[in-house]
Amino acid sequence: MSITKKVTVLAVGLGLVTLSACGSSDSGGSGGSGESKTVTLVSHDSWAVSKNVLADFEKRSGYKVRVLKDGDAGQAVNKAILTKDNPQGDVFFGVDNTLLSRALDNGLFQSYEAKGSDQVLPKYRVDQDKHRVTPIDTGDICVNYDKAYFSEHKLTPPTSFDDLIKPEYKNLLVTENASTSSPGLGFLLGTAAEYGDNGWQDYWKKLKANGVKVVDGWEQAYNEEFSGSAGGKQAKADRPLVVSYASSPPAEVIYADPKPTTAPTGVATGTCFRQVEYAGLLSNAENAKGGKALLDFLLTEEFQEDMPLNMFVYPVRQGAQVPAEFTKYGPQAKDPETMAPDKIAENRDQWVKSWTSLVLK
C-alpha cells in the first residue's frame, strides 16, 4: 500500500504531473516509428516520490515521467481493467494482493522480469513463471484511533476485531467500501481470516449493529471522517476510529507543523491485515521500453529507501534501509492477518457481494 493513501499532503511539492486524459499524448511509442521519451505511470492517489529521486531517474534514463492518479487503489485497478485495450499509460503501480488475481485474470499486464527482482524478499514474490507483476512495497491495513478522543472520554482504545463490536465503541468506526476501496477490502479479508468462511458475516452483522459507517474510499474516511487526522480536525470529524494503515501515525508526525513528540494517533494492532503492492507493464503500453526502465527504477535501492517517508510503506528489496523516524512511529504489526493469494482469488468476489448485501442494504 498503499499503504496509500496516507495523507493528502504527501503529493504536495513533488513536482509531478497529473493527467486527466486517457492515454499518452506523445506519439512514437514502442509500436511507432520513433521512441517516445515520455513514460506514463498510472497509480492510486497516494503515489509519491522525492523530487530529486525522480529527477535522477529521468536524467539517467532520458525519460520524462508523467503520473496519472486515478483515485483509490480499488477504483484505479477497475478503471485500468476497463481501459486495458487502450491503456491510460505504460506502467500501473498500486495493485495489491487483495486485487491481484482480478488484474491478472483480466490480462492487465504483460510479462517483464524487472532488473533487481532477484533482490526482492522471497516471501513477497508471486507469479514467478510469467513475471507479470513486480512486488514494490508492503504495509499493514489496521484500525487507527484518535488518542485525544479516548483520553478525553477516559475510554481504553480497542485492540482487536472483537473489541470493535463492544457497546462502548458504538458509532465510533468508519471504514471504506470493500467493493471500491483497497483498504476496505483488506479490512474485510482481515475479518474473514480472523473469523473464517462461516463466521465473518455474523461479525459484520454485529459491526453494522454497532454503528459502523461506510464511505467510498480512504481519502474520505481518513481525511474527512476521522477525528484524529489533520484533515479530520479541520473538518470537525466525529469518528475516532478509522480503517487505515499501521504507517498512518508517522505520517501525522512527520507532516505536522509544529512536529509533535508523539503521534496523535495509534494502531489497534489486533486488527491488521498484511498488504503487498505490485507494479506491472500494462498490456498494449504505448512505450513499453520506457515502462520497463521505470519498473527497473522502482526496485532500485534509491527508490526503495525513498518510499517510507513519501508513501509510508516498507520496501521489499533485501537490505533497503528504513528511516528511524518511520519505524519509531509506525512499526509493522508483529502478527497480522494474512491470506493465501489463491484463497483471495477464489472467494473475493463472492465475499464482496455478500458484504455489500449485508452491510450496505
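This is a predicted model: local features need pLDDT of at least 70, side-chain atom pairs count only at pLDDT 80 or more; totals for chains, interfaces and linings use all residues.
1. C142 sits in strand β5 (residues 134-146) and C272 in strand β9 (residues 265-282), so the bond ties together parts of the chain that are 130 residues apart in sequence. The S to S distance between C142 and C272 is 2.1 Å. The structure holds one disulfide, and both of its cysteines, C142 and C272, are buried. In general terms, such a link is a covalent bond between the sulfur atoms of two cysteines.

2. V276 in strand β9. The strand that carries C272 also contains V276. Is V276 buried or exposed? With a relative accessible area of 7%, V276 is buried, because the cut-off for that class is under 20%. Apart from its neighbours within four places in sequence, V276 is in contact with V95, D96, N97, Y124, D137 and T138. As a point of reference for the reader, V276 and R348 are separated by 72 residues in sequence and by 16 Å in space, C-alpha to C-alpha.

3. The largest pocket. Which elements each supply at least two residues of the lining? They are α3 (100-105), β9 and α13 (341-359). Helix α3 gives the most, with four residues. By class, the lining of the largest pocket comprises 12 nonpolar, three polar and four charged residues.

4. The largest cavity. Rolling a probe the size of a water molecule over the atoms shows where empty space is left. The largest cavity holds about 40 Å³ of space. Its lining is made up of V42, A80, T83, K84, P87, Q88, G89, F92 and L282. These residues divide into five nonpolar, three polar and one charged.

5. The second largest cavity. About 30 Å³ of space lies in the second largest cavity. Q110, S111, Y112, H131, R132, V133, T134, A279, G280, L281 and L295 form its lining. Which strand supplies the largest share of this lining? Strand β9 does, with three residues. By class, the lining of the second largest cavity has five nonpolar, five polar and one charged residues.

6. Strand β1. Six of the six residues of strand β1 (residues 38-43) are buried, and the strand is therefore largely enclosed by the rest of the structure. In a regular strand the side chains alternate between the two faces of the sheet. Both faces of β1 are covered, with T38, T40 and V42 buried on one side and V39, L41 and S43 buried on the other. One of these residues, V42, also lines the largest cavity. Strand β1 pairs in the parallel sense with strand β2 (residues 64-69), over six bridges. Within this pairing, V39 has V65 of β2 as its bridge partner.

7. Backbone features in loops. The peptide bond from D257 to P258 is cis, with omega near 5°, and P258 is found in the loop between α9 (248-254) and β9. D127 has a positive phi of about 50° although it is not a glycine, and its place is in the loop between β4 (109-110) and β5. K236, likewise not a glycine, has a positive phi of about 55° and belongs to the loop between α8 (230-235) and β8 (241-245).

How values were computed. Residues are numbered from 1 along each chain as its sequence is written. Side-chain values use heavy atoms; hydrogens and water are left out. A disulfide is a pair of cysteine sulfur atoms within 2.5 Å. Buried means under 20% relative accessible area, exposed over 50%, partly exposed in between (1.4 Å probe, protein chains only). Ala, Val, Leu, Ile, Met, Phe, Trp, Tyr, Cys and Pro count as nonpolar, Asp, Glu, Lys and Arg as charged, and the others, Gly among them, as polar. On a 1 Å grid over the protein atoms alone, a cavity is a set of points where a 1.4 Å probe fits but cannot get out, and a pocket is an open set with protein on both sides within 12 Å along at least five of seven lines; lining residues have an atom within 4 Å of a point. Grid points are joined across faces, edges and corners, and a volume is the space filled by probe spheres set on the points. Contact means heavy atoms within 4.5 Å. Two strands pair if DSSP finds at least two bridges between them.
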